Amino acid sequence: MGDAELIVGDCLEVLREMETDSIDLVFCSPPYEAARSYGIGFTLKSQEWVDWSVERYLECVRISRGLVAWVVEGQTRQFRWSATPALLMADLHRAGVKLRKPPIYKRVGIPGSGGPDWWRNDYEFVVCSSKGKLPWSNNLAMGKPCVYPPGGAPSHRTTATRGSSGGDTRVQGAVYKPPALANPGNVIECSVGGGRMGSKLAHLSEAPFSEKLAEAVILSFCPPGGIVVDPFCGSGTALAVAKRHGRKSIGIDIRESQIELSRRRVAEVIGENT
Ligand SMILES: C[S@@+](CC[C@H](N)C(=O)[O-])C[C@H]1O[C@@H](n2cnc3c(N)ncnc32)[C@H](O)[C@@H]1O
């Protein structure tokens with residue numbers, strides 16, 4: 001397998017051809033319900049969208065030995081949220097899929113996106129599952145240096161307590177050393193739009209996610225040299241990020257145009273190093 005294999009087709013058919021537990025990470029964003037047709041007449045919504053998604057998500061679970069992560073959103077119409085991300089999670093749970101607590105993809109949403117009487121929609125769920133403990137993870141990959149040194153805010157403790165964060169520098173006689181990096185938490189904040197997607201090519205696709213989101217998921221849950229599959233690869237964001245960080249990838253999209261775009265996106269990364 002090359003660094004990025006690209007396949008045109010319905011991901012359901014392509015995933016069915018792949019071997020069980022042969023992939024390290026599946027990371028993608030499917031077409032959202034009734035958001036756009038993608039020129040392929042995609043109009044599914046409500047439970048029909050959920051059923052369509054469950055069928056494909058289960059194939060992702062089968063092929064992955066690690067994490068499966070789908071970025072999803074429902075729609076708000078007539079002051080009602082369709083709740084399809086929650087319905088998808090409920091149906092997956094009932095089908096026996098082991099969900100992980102979904103991280104939040106946070107970015108500043110489009111004005112009015114929550115409805116005229118509601119808050120702007122600033123986040124999407126990332127529906128995640130694994131078969132158990134992840135065989136490989138680095139949950140400090142996006143970690144930052146700790147904000148508070150021992151004795152600093154927020155606790156202002158004056159006595160040593162085992163397990164305290166901050167507080168006295170001595171814990172049962174030993175000098176407390178703060179970790180080099182703090183766990184970044186499950187809210188992944190990204191800047192989107194206005195040329196901040198990581199590549200101009202991203203804007204040739206209708207609904208790309210940000211490279212920063214892809215980086216967070218790939219660096220945290222796919223080992224170096226491992227394989228990432230994006231079954232709805234669009235402009236190839238996940239594949240480009242995988243390439244930049246020494247991971248292999250397989251991208252699938254039902255449209256030839258997106259496979260061609262992904263090819264250019266990966267080539268752009270190859271160009272970064274030459
Ligand atoms: C939300 S976009 C993905 C965007 C991508 N994450 C990026 O950053 O550019 C969804 C993609 O799914 C593709 N698609 C729709 N139905 C599909 C199917 N059954 N199998 C594979 N791809 C499909 C669409 O052509 C579209 O490019």
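## Close-up views of the predicted model

View 1. Gln-258 sits in helix α6 (residues 256–272). Helices (H or I, at least four residues) and strands (E, at least two) are DSSP runs, numbered from the N terminus. The model is predicted, so local features need pLDDT of at least 70 and side-chain atom pairs count only at pLDDT 80 or more, while totals for chains, interfaces and linings use all residues. Residues are numbered from 1 along each chain as its sequence is written, and side-chain values use heavy atoms, with hydrogens and water left out. Gln-258 counts as buried, at 5% relative accessibility. Here buried means under 20% relative accessible area, exposed means over 50%, and partly exposed lies in between (1.4 Å probe, protein chains only). The side chains of Gln-258 and Ser-205 make a polar contact at 3.0 Å. Such a contact is a pair of N or O atoms within 3.5 Å; within protein, one must be able to donate a hydrogen and the other to accept it, and residues adjacent in sequence count only if both atoms are side-chain atoms. Neighbours within four places in sequence aside, Gln-258 is in contact with Leu-204, Ser-205, Glu-206, Gly-234, Ser-235 and Asp-253. Contact means heavy atoms within 4.5 Å.

**View 2. The ligand and its shell.** There are 23 residues around the ligand; Cys-11, Ser-235, Thr-237, Asp-253 and Arg-255 come nearest. A residue is near a molecule if one of its heavy atoms lies within 4 Å of it. The shell divides into 13 nonpolar, seven polar and three charged residues. Ala, Val, Leu, Ile, Met, Phe, Trp, Tyr, Cys and Pro count as nonpolar; Asp, Glu, Lys and Arg count as charged; the others, Gly among them, count as polar.

**View 3. Polar atoms facing the ligand.** Ser-235 places a polar side-chain atom 2.6 Å from a ligand oxygen atom. An N or O atom in the side chain of Arg-255 is 2.8 Å from an oxygen atom of the ligand. Ile-254 uses its backbone: one of its N or O atoms there lies 3.2 Å from a ligand nitrogen atom. On its own, the ligand has 600 Å² of accessible area, and the protein covers 99% of it. Accessible areas come from the Shrake-Rupley method with a 1.4 Å probe; for residues, only the protein chains shown count as cover.

**View 4. Helix α2.** This helix holds 18 residues (46–63). At 1.5 Å a residue they should span 26 Å, and the end C-alpha atoms are 26 Å apart, which agrees. The expected span is 1.5 Å times one less than the number of residues. Buried residues of α2 include Trp-49, Trp-52, Ser-53, Arg-56, Tyr-57 and Cys-60. An α-helix has 3.6 residues a turn, so residues three or four places apart point the same way. The buried residues of α2 pack against α1 (11–16), β2 (23–28), β3 (64–72), α3 (84–94), β8 (123–129) and β12 (227–230).

**View 5. Arg-56, a buried charge-bearing type.** Arg-56 lies in α2 and counts among the charged residue types. Its relative accessibility is 5%, so Arg-56 counts as buried. Residues up to four places away in sequence are not counted; Arg-56 then touches Asp-10, Cys-11, Leu-12, Leu-15, Trp-70 and Phe-232.

View 6. Pro-31 counts as buried, at 10% relative accessibility. Beyond four places in sequence, Pro-31 is in contact with Tyr-38, Phe-42, Trp-49, Trp-52 and Phe-232. Leu-44, with the same exclusion, is in contact with Glu-33, Ala-34, Trp-49 and Trp-52. Glu-206 is 175 residues from Pro-31 along the chain, yet their C-alpha atoms are separated by 9.9 Å.

**View 7. Two residues with positive phi.** Asp-21 is not a glycine, yet its phi is positive, about 55 degrees. Asp-21 lies in the loop between α1 and β2. It is partly exposed, with a relative accessible area of 34%. Ala-83, also not a glycine, has a positive phi of about 65 degrees. Its place is the loop between β5 (80–81) and α3.

**View 8. Helix α4.** Helix α4 (residues 211–221) is mostly covered, with eight of its 11 residues buried. Among them are Leu-213, Val-217 and Ser-220.
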